[in-house]
Amino acid sequence: MLNDPIADMLARIRNAQKALHKEVFIPASKMTESISVILKEHGFVSDVSNEEGKLRVVLKYLSSKGAISGSRRLSKPGLRIYVGAKDIPAVQNGLGIAILSTPQGVLEGRKAHADNVGGELLCEIW
C-alpha cells in the first residue's frame, strides 16, 4: 500500500522518461486516472488506458527528450495546501499546468480559475 500515490505516479513517469521507456504502468485509482487524463489533454503523454487495475501511460518524446521536463508534488499527506480560485499559481510563466482537486473534480489550474473554484493544489507539471 502506498502512502502517496500521486508522488509515486510522478516519480514513475520521471524515471521512465529518463530511461527512455515507451510506456509506464501505474497503480490505478480515480485520482491518478484523472491526473493522467489531464496530462493527455495537455499533450504531456500520448495515451492513457486502464488495464486490469493498472494505468498504462504511453510517454511522449520530443527529439529524444521527454515532453515532461519537470514535475513537483505540492500538497503532501503531511502538509496539505489549499488555494482559492484567485490564488492558483501560474506554472513556469504559463508554460506548465497546475492540477487541483476541487469540489467539481480534478481540474487543471486555468479551468479551475475560469470556473471560479479553488481546492487542494496537488502538483505542477511543466
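Three strands make an open sheet, in the order β1-β3-β2, and their pairing is antiparallel; strands here are DSSP runs of E with at least two residues, and helices are runs of H or I with at least four, both numbered from the N terminus. Two strands count as paired if DSSP finds at least two bridges between them. The edge strands, each pairing on one side only, are β1 (23–27) and β2 (45–51), and from one strand to the next the twist averages 20°.

This is a predicted model, in which local features need pLDDT of at least 70 and side-chain atom pairs count only at pLDDT 80 or more, while totals for chains, interfaces and linings use all residues. Residues are numbered from 1 along each chain as its sequence is written, and side-chain values use heavy atoms, with hydrogens and water left out.

Let us go through the pairings. β1 and β3 are joined in the antiparallel sense over five bridges, and there Val-24 has Val-57 in β3 as its bridge partner. β2 is joined by six bridges to β3 (residues 54–59), again antiparallel, with Asp-47 standing opposite Val-58 in β3.

Now to the helices. Helix α1 (residues 5–18) lies across β1 and β3 and runs at about 165° to β1, where angles run from 0 to 180 degrees between N-to-C directions and axes are lines fitted to C-alpha atoms, for helices over the stretch in contact. Helix α2 (residues 30–41) packs on the sheet, touching β1, β2 and β3, and contact means heavy atoms within 4.5 Å.

In α2, the buried residues are Thr-32, Ile-35, Ser-36, Ile-38 and Leu-39. Seen down the axis of α2, they fall within an arc of 160°, so they line one face of the helix; the arc is that of the directions from the helix axis to the C-beta atoms. The face turned away from that buried side carries the exposed residues Lys-30 and Glu-41.

Finally, the loops. Ser-64, between β4 (61–62) and β5 (65–66), has a positive phi near 60° although it is not glycine. Asn-93, between β7 (82–83) and β8 (97–102), has a positive phi near 55°.

Conventions. Buried means under 20% relative accessible area, exposed over 50%, partly exposed in between (1.4 Å probe, protein chains only).
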